[in-house]
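Hi there,

Here is the structure we talked about, ready for you to open in your viewer. My notes on what turned up follow below it.

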Amino acid sequence: MSNSPSSSESKSPSDASSSDFSRTFKYLLATQLCSRGIPFIVNAVILRNFLKVEDFALYGVQFPLFVNCVLFLSREGFRRACLRQDMKSDGTSTEENIAKIMKFAWLVPPCGIIITTAASGFVFWWKGLSFSDPYGQGILITGGACILELLAEPLYILSQNLLLLKLRLAVETAATFFRCITTAILFGMQVDMEKEIIFALSQTAYGLCLFSGYWVYFLRFRPYRSSALFPFRAKNKKNYDGELLKMCELFALQSCVKLILQEGQNFVLLQWATYYNQAVYGFVDNLGSLVVRMVFLPFEESTYATFARSASGKDPDKDKRLGSSLTEALKLVLLIGLIFMAFGPSYAYSLIRLVYGQKWSDGEASTALGYYCFYIIVLAMNGTSEAFVHAVAKKNQLLWSNLPSVLITIIYVVLNILLVNSAGAVGLILANSLNMILRILYSGAFIKHYFQDSSSFSFYKCLPEGWKVLLFSGITTIISERIFLDRKNFWATFVVHFTIGVACFCTSTFVIYRHERSLINKIIPINRIFPSINKIVRFRDHSD
């Protein structure tokens, strides 16, 4: 019999944490690729053929703002608090831990019904709507769709705690597919229906599919008793976890502040901007944030889960493991952000021209999208750094963090109002960037204080190798766009501009992989996919 330890025993806590993070991130990335990639294709067809520029104010700003506000206020506090719980940390059975979490998770639907009703009433009052108004009917239908989605939220929270990542991938992909199919059919058949109703029905299809997917799975396929999934008996009601209750209250309070920071620009757009500026910003935000939602959002969720599980344990090497995970996470988001900074501004016009047509590319949208590429990197850094703060901070630290959050919110709202009038959609992007920088500074101060007695983390280590070649590529592609790309003779000159970009991108990829091979292979197992790559490139192994 071999003397070598089993693979599970030989893994260090750091390796196990890294493997867990990689698995979580890859499944969440696949989920976002499906749930965002499908709408990207459908939206491109709809925007190019069925909607005017001004119509996108409704489709891209107003109705999504209503949905985001209702869902965020209803579930964010409970979601954050419940996902901090370690299912196996206290020695109790899995079903007991499930019941403890579900007692709070089932508070989401009643809270959601109240918030949805209040939000719908506010929209009716603010816009002076009646029940016969198509806009009002669309709001009511969308509110019903939100309630359907919130009825699935407790089971979503449970699936995330149990790391049922394939379930989320399947359910969200199916829901997105049915939403897009509904939208495409109703627009393509040119039915006699107002646009507000079409958008609302597509959202209903999404909510109904989420509801059906999670409920069918847990009621038919999971070996958990109904008493754990639905802990509503009188004897169970008194056994609420006091610490979890306090965390729910705290995160619910923070979610109100975070909502203003997250959606503040849309509130400003509704009040002070024209329909054209609303449409341009909504278009750029939907297109520019595609990478944010497809890559950075699952990355933030997976890092938050990894940090929370690592921080809740009692391992003596906990700080070392947290420092290593945070370094790798920040390095990866910086690397991706720098790539978009290098190539995004130079190819923003070309992308919009190719996908959406000249009516979008020749307006303000291409300029705004170029600025948005700079905004992506601070957005990514803020998401990861705040995920660490929310995962490891103690209750009193989270409570005190509300004060700087309120101050940053006030500054952010003032900047939005000032800049939207002077610079339109670009002004809002600049305001958002300054807001993110302020939040990064606060999170950075917390991180520095957290590791002050440890050498396991340094901000300097987070800077990825290869940033110099990305800087060179960015300058080269900007010069290429200025010299070669002619908007009047687009197709002939674009080939030259595109070729230069491909050459710069390939060179940058080669240099980055050479220096950051170990980090990239943790996320994407390139050696397994292309086993001969190291023989071809002949990289030298490093001891680190």
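Let me begin with a charged pair: glutamate 386 and arginine 439 form a salt bridge, with their closest N and O atoms 2.9 Å apart. Glutamate 386 belongs to helix 16 (residues 365-392) and arginine 439 to helix 18 (residues 402-450), so this bridge ties together parts that are 53 residues apart in sequence. Both ends are covered: glutamate 386 counts as buried because its relative accessibility is 13%, and arginine 439 counts as buried at 7%. Please keep in mind that this is a predicted model.

**The chain as a whole**

The protein chain has 23 helices and 0 strands. Of its 544 residues, 52% count as buried. If you take the contacts between residues at least 6 apart in sequence, 83% of them join residues at least 24 apart. The chain exposes about 26100 Å², and carbon and sulfur atoms supply 63% of that area.

The structure holds 7 salt bridges. In one of them, the side chains of glutamate 153 and arginine 79 meet at 2.9 Å, N to O. Glutamate 153 sits in helix 7 (residues 153-161) and arginine 79 in helix 3, so the pair links parts that are 74 residues apart in sequence. Glutamate 153 and arginine 79 are both buried. They also take part in a network of salt bridges that links Arg75, Arg79, Glu149 and Glu153.

Another bridge joins the side chains of glutamate 516 and lysine 331, at 3.7 Å from N to O. Here glutamate 516 lies in a loop, between helix 20 (490-515) and helix 21 (517-523), while lysine 331 is in helix 14 (residues 318-355), so the bridge ties together parts that are 185 residues apart in sequence. Are these two residues buried or exposed? Glutamate 516 has a relative accessibility of 4% and therefore counts as buried. Lysine 331, at 17%, counts as buried too.

**Aromatic pairs**

The count of aromatic pairs comes to 30. Take phenylalanine 56 and phenylalanine 283: their ring centres are 6.3 Å apart and their planes stand at 75°, so this pair is edge-to-face. Phenylalanine 56 is in helix 3 (residues 56-83) and phenylalanine 283 in helix 13 (residues 275-312), so the pair ties together parts that are 227 residues apart in sequence. Both of these phenylalanines are buried.

Phenylalanine 457 and phenylalanine 459 make another edge-to-face pair, because their planes are at 80° with the ring centres 5.0 Å apart. Their surroundings are worth a look as well. Phenylalanine 457 is buried, with a relative accessible area of 9%, whereas phenylalanine 459 is partly exposed, with 41%. Both belong to a cluster in which ring pairs link Phe307, Phe388, Phe446, Tyr450, Phe451, Phe457 and Phe459.

Leu463, Trp467, Leu471, Ile475, Ile479, Ile483, Phe484 and Val496 make a nonpolar surface patch of about 740 Å². Which helix gives the largest share of the patch? That is helix 19 (residues 467-484), which contributes 6 residues. Tryptophan 467 is placed in helix 19, and at 37% relative accessibility tryptophan 467 counts as partly exposed.

Threonine 173 is found in helix 8 (residues 165-188). The side chain of threonine 173 reaches the backbone oxygen of leucine 169, at 2.6 Å. Setting aside neighbours within four places in sequence, threonine 173 is in contact with Cys34, Ile38 and Arg168.

Glycine 37 lies in helix 2 (residues 13-49). Beyond its neighbours within four places in sequence, glycine 37 is in contact with Gln32 and Met294.

Terms used
Residues are numbered from 1 along each chain as its sequence is written. This is a predicted model: local features need pLDDT of at least 70, side-chain atom pairs count only at pLDDT 80 or more; totals for chains, interfaces and linings use all residues. Side-chain values use heavy atoms; hydrogens and water are left out. Helices (H or I, at least four residues) and strands (E, at least two) are DSSP runs, numbered from the N terminus. A polar contact is a pair of N or O atoms within 3.5 Å; within protein, one must be able to donate a hydrogen and the other to accept it, and residues adjacent in sequence count only if both atoms are side-chain atoms. Contact means heavy atoms within 4.5 Å. Patches are made of residues with over 30% relative accessible area and no salt bridge: like charges are joined within 9 Å, nonpolar side chains (Val, Leu, Ile, Met, Phe, Trp, Tyr) within 5 Å. Accessible areas come from the Shrake-Rupley method with a 1.4 Å probe; for residues, only the protein chains shown count as cover. A salt bridge is a side-chain nitrogen of Lys or Arg within 4 Å of a carboxyl oxygen of Asp or Glu. Buried means under 20% relative accessible area, exposed over 50%, partly exposed in between (1.4 Å probe, protein chains only). Rings of Phe, Tyr and Trp (its six-membered ring) pair if their centres lie within 6.5 Å; planes under 30 degrees apart count as stacked, over 60 as edge-to-face and the rest as tilted.
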